[in-house]
Amino acid sequence: MDRSKLYRRFRTLLIANRGEIACRVIRTARAMGLHTVAVYSEADRDAMHVALADEAVLLGPARARDSYLNVERLIEAARKTGAEAVHPGYGFLSENAEFAQACLDAGLVFVGPTAEMMTAMGSKSGSKALMEKAGVPLVPGYHGEAQDEAMLAKAADKVGFPVLVKASAGGGGRGMRIVRTAAELGPAIVSAKREAKAAFGDDRMLIEKYVDNPRHIEVQVIGDSHGNLLSLFERECTLQRRHQKVIEEAPSPTLNAAQRETVCAAARKAAGAVNYVGAGTIEFVSDGKDVFFIEMNTRLQVEHPVTELITGIDLVEWQLRVAFGEKLPLRQDEIRLNGHAVEARVYAENPTKNFMPSVGKISTWRLPAETGGLRVDAGYREGDSVSPYYDAMLAKMIAWAPTRDVAIERLNRGLEDSDVRGIVTNIPFLSGLVTHPKVRANAIDTGFIERELAALTPAASAPGELELCAAVAAIVSDERTAAQADANSPWQTFGWMPVGRRQRSFAFRVGHGPELEVTLNYGSGPSTLVIDERELGFAITPRDGGFDLTLDGVKSQVAAVIDGHELYLRTRNGRFDLHWVDPFGGETEEQAGEDKIAAPLPGTVVAVLAEEGAKLEKGAPILTLEVMKMEQTLRAPYAGVLKSIKCKVGDIVQEGVELAVVEPSGE
């Protein structure tokens with residue numbers, strides 16, 4: 001094929017994606033002088049990536065299949081705007097060979113490998129056969145074409161339990177199940193096939209020996225159209241949840257120099273088997289001694305920034321230069337490893353509720369500035385809305401330092417200094433994870449988070465004296481700010497009174513706990529706070545995002561957000577959510593109990609797992625929803641009888657809709 005059709009210089013780039021990766025590509029493309037085109041769905045009209053691009057084209061309705069997965073509309077968007085090239089980002093159509101070919105057929109440069117390369121490496125079963133031929137080490141397993149349940153069961157029995165049932169065309173942990181006994185295999189295959197079909201349109205499965213206590217090691221590779229192929233060191237991605245990466249770092253703290261060279265050489269051999277062009281990742285699983293090929297991702301990875309920070313290479317820039325038809329700017333022996341980098345994925349999800357996705361408007365977005373070895377790749381801003389239609393990742397925080405310990409410290413400080421409100425995020429969970437002693441000691445495997453989940457999601461701490469005083473200070477500071485609208489108002493001065501001294505009482509509550517009272521004394525003379533008959537002198541100094549609270553001569557930084565009567569505080573003791581009890585009455589309690597079997601978010605019913613009239617134990621599965629591309633199983637809140645099912649498979653349900661009724665047994 002004429003390479004000029006595949007790789008040539010272009011001026012206008014369409015980014016066929018959304019969120020953080022679209023913003024990331026746009027920034028580098030613009031820095032290179034390219035004209036950028038964003039695409040968006042109706043749910044993303046006001047999204048950050050739309051605002052960053054030079055032009056933007058509406059694709060269609062919110063559902064991905066009607067917008068970001070619609071090949072015809074993407075090609076038409078390129079035609080309308082005069083785009084000459086398409087960058088697919090990651091996710092969506094980034095590893096879709098038909099899309100890559102459609103771009104070529106439309107005369108567009110596809111910033112990535114060819115359709116043939118994707119096809120060869122995109123099939124987990126096909127790629128394993130190719131790797132076996134190339135001499136790349138493999139995990140024992142079945143990668144055949146026969147897909148009937150009997151054949152898969154026979155293969156699993158031959159491999160030996162535990163096994164991993166995995167979607168052949170999958171990624172991101174979707175369509176993947178760990179199966180430890182033969183009895184679990186049938187239901188796992190049905191569930192994995194269903195999830196794979198919904199996510200990738202392909203329900204073919206493969207069976208692999210499951211490596212207990214495994215580590216996940218991957219190698220960044222990139223090739224050009226002139227036959228040059230490089231590896232850019234390895235990343236450790238062992239900290240995972242539901243087979244999805246949570247924390248990534250480079251280089252791997254597990255490998256020594258000799259092991260590093262061995263795995264990187266294996267990665268180059270794997271990519272060389274298809275004469276790979278573009279950025280890609282060769283993924284391996286390790287049992288602590290040997291590494292085995294898992295798959296190749298024929299695209300840029302979410303965690304590519306850690307590689308960028310240890311090499312000083314902008315991988316998106318290199319992708320674009322390869323797409324221009326240029327040679328890679330460095331040789332293998334010119335690539336240097338410098339320091340250590342760690343990345344955390346910030347998600348809109350609630351770790352204390354089984355990581356349930358969180359949707360809504362971001363009312364507060366405070367992430368630290370990119371200084372001192374800290375980088376933030378974000379796809380959202382204050383005021384943006386998180387919808388239920390797409391992946392819940394908001395941003396990535398990446399820290400670099402000369403050593404791993406310092407990089408982790410920098411990352412943790414960045415997380416601790418972040419405040420995102422209006423939705424629930426995993427930021428406190430991430431902070432707890434990177435400070436866990438076993439993580440610091442690298443004594444982990446891919447099952448670490450599941451085993452340590454209780455310790456990583458502790459109950460909220462009760463507010464102490466500092467937090468109660470900070471709550472009063474936050475209210476007073478907020479009122480002072482409001483009063484400053486009138487430059488002549490005496491109320492600008494905290495505690496101003498025409499004469500005398502007054503008291504003001506405050507009451508706060510955490511959840512459904514008891515009221516906690518604080519008395520403010522103000523007026524003539526110094527202001528004080530009284531808690532449990534203890535009187536404390538205090539003062540407030542405003543600053544960006546909060547204030548400095550001086551309490552009995554000790555000054556502390558406080559971050560504060562007030563939304564009506566709801567207060568969020570971050571002090572040296574952690575994060576706290578308090579409710580300011582209305583002093584004029586009118587308090588209402590949330591009546592939606594946890595016994596209600598309702599849709600936690602908008603989603604699609606993909607399975608009904610129990611029949612009406614069935615006797616259920618507490619925790620028994622009732623039905624499964626697909627929410628934000630992940631399956632969520634709703635379970636019986638207590639022992640009882642399933643009185644009714646109010647939905648059927650295929651129903652699209654809205655948040656809060658009751659889906660089933662369980663009548664308690666009364667025991």
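Contact means heavy atoms within 4.5 Å. Axes are lines fitted to C-alpha atoms, for helices over the stretch in contact, and angles run from 0 to 180 degrees between N-to-C directions. Helices (H or I, at least four residues) and strands (E, at least two) are DSSP runs, numbered from the N terminus.

## Basis

This is a predicted model: local features need pLDDT of at least 70, side-chain atom pairs count only at pLDDT 80 or more, and totals for chains, interfaces and linings use all residues. Residues are numbered from 1 along each chain as its sequence is written, and side-chain values use heavy atoms, with hydrogens and water left out.

## The sheet and its helices

Eight strands make an open sheet, ordered E14-E13-E10-E11-E12-E15-E22-E20. Pairing is antiparallel and requires at least two DSSP bridges between two strands. Strands E14 (291–297) and E20 (374–378) are the edges. The twist averages 25° from one strand to the next.

Helix H11 (residues 304–311) packs on the sheet, at about 25° to E22 (393–401). Helix H13 (residues 404–416) lies across E12, E15, E20 and E22. H13 runs at about 140° to E22.

Nine bridges join E10 (residues 215–223) to E13 (residues 278–286). Among the residues involved, Glu218 has Glu283 of E13 as its bridge partner.

## Helix H8

Leu152, Ala155 and Ala156 of H8 (residues 149–159) are buried (under 20% relative accessible area, 1.4 Å probe, protein chains only). They share one side of H8, because their arc around the axis is only 100°, taken from the directions to the C-beta atoms. On the other side, Ala150, Lys154, Asp157 and Lys158 are exposed (over 50%).
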